[in-house]
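Trainee: I've just opened this one and could use a guide. Can we go through it together, one question at a time?

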Amino acid sequence: MLNNIDWSKLITKAMKVEAEAARALAAVVAETEKQRAIADKAIAPLQDAIDVDDATPTDVALLKSWKKFRVALSRLPEQPGYPTTIDWPGFPA
C-alpha cells in the first residue's frame, strides 16, 4: 500500500502557536482601534468647544482625561507581555 500523505499540508505545533499568536494580536489591535474610535468621538466636540472659546472647566478637564486615555492606548505595545497580557486603561468618567 502506498503512503498517500501530502506532507505539504502538514500543520506543525509551531505553526499552530504562530497562528494563535497572530489571532490574539489581531483581536488586541481591533479592540484598541475600537476604543480609539470611542476616544476620538468624545474628544472632537470637547476640542471644538475649546477652539471656539466656549469650553467650561469641566470640558477642559474631560478633554485632558480623554487625551490621556488615547495616549495610554497608543502605548499598549510598550507594555511587558503585550499582546497576551494587557493592562487596559480605564475609560474617563
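Trainee: Leaving aside neighbours within four places in sequence, which residues is Q47 in contact with?
Mentor: Start with where Q47 sits: in helix α1, residues 13–51, a helix being a DSSP run of H or I with at least four residues, numbered from the N terminus. Contact means heavy atoms within 4.5 Å. With the neighbours up to four places away set aside, Q47 is in contact with L63 and K67.

Trainee: Before we go on, what should I know about the model and its numbering?
Mentor: It's a predicted model, where local features need pLDDT of at least 70 and side-chain atom pairs count only at pLDDT 80 or more, while totals for chains, interfaces and linings use all residues. Residues are numbered from 1 along each chain as its sequence is written, and side-chain values use heavy atoms, with hydrogens and water left out.

Trainee: What is the length of the polar contact between the side chains of Q47 and K67?
Mentor: A polar contact is a pair of N or O atoms within 3.5 Å; within protein, one must be able to donate a hydrogen and the other to accept it, and residues adjacent in sequence count only if both atoms are side-chain atoms. For the side chains of Q47 and K67, the value is 2.8 Å.

Trainee: Is Q47 buried or exposed, or partly exposed?
Mentor: Buried means under 20% relative accessible area, exposed over 50%, and partly exposed in between, with a 1.4 Å probe and protein chains only. Q47 has 21% relative accessibility, so it counts as partly exposed.

Trainee: How many residues apart in sequence are the parts that the pair of W66 and F91 ties together?
Mentor: Rings of Phe, Tyr and Trp (its six-membered ring) pair if their centres lie within 6.5 Å; planes under 30 degrees apart count as stacked, over 60 as edge-to-face and the rest as tilted. The search finds three aromatic pairs in the whole structure. W66 and F91 make an edge-to-face one, 6.2 Å centre to centre with 65° between the planes. W66 lies in helix α2 and F91 in the segment after α2, so the parts tied together are apart in sequence by 25 residues.

Key
Helix = DSSP H or I, 4+ residues; strand = E, 2+ residues; numbered from the N terminus.
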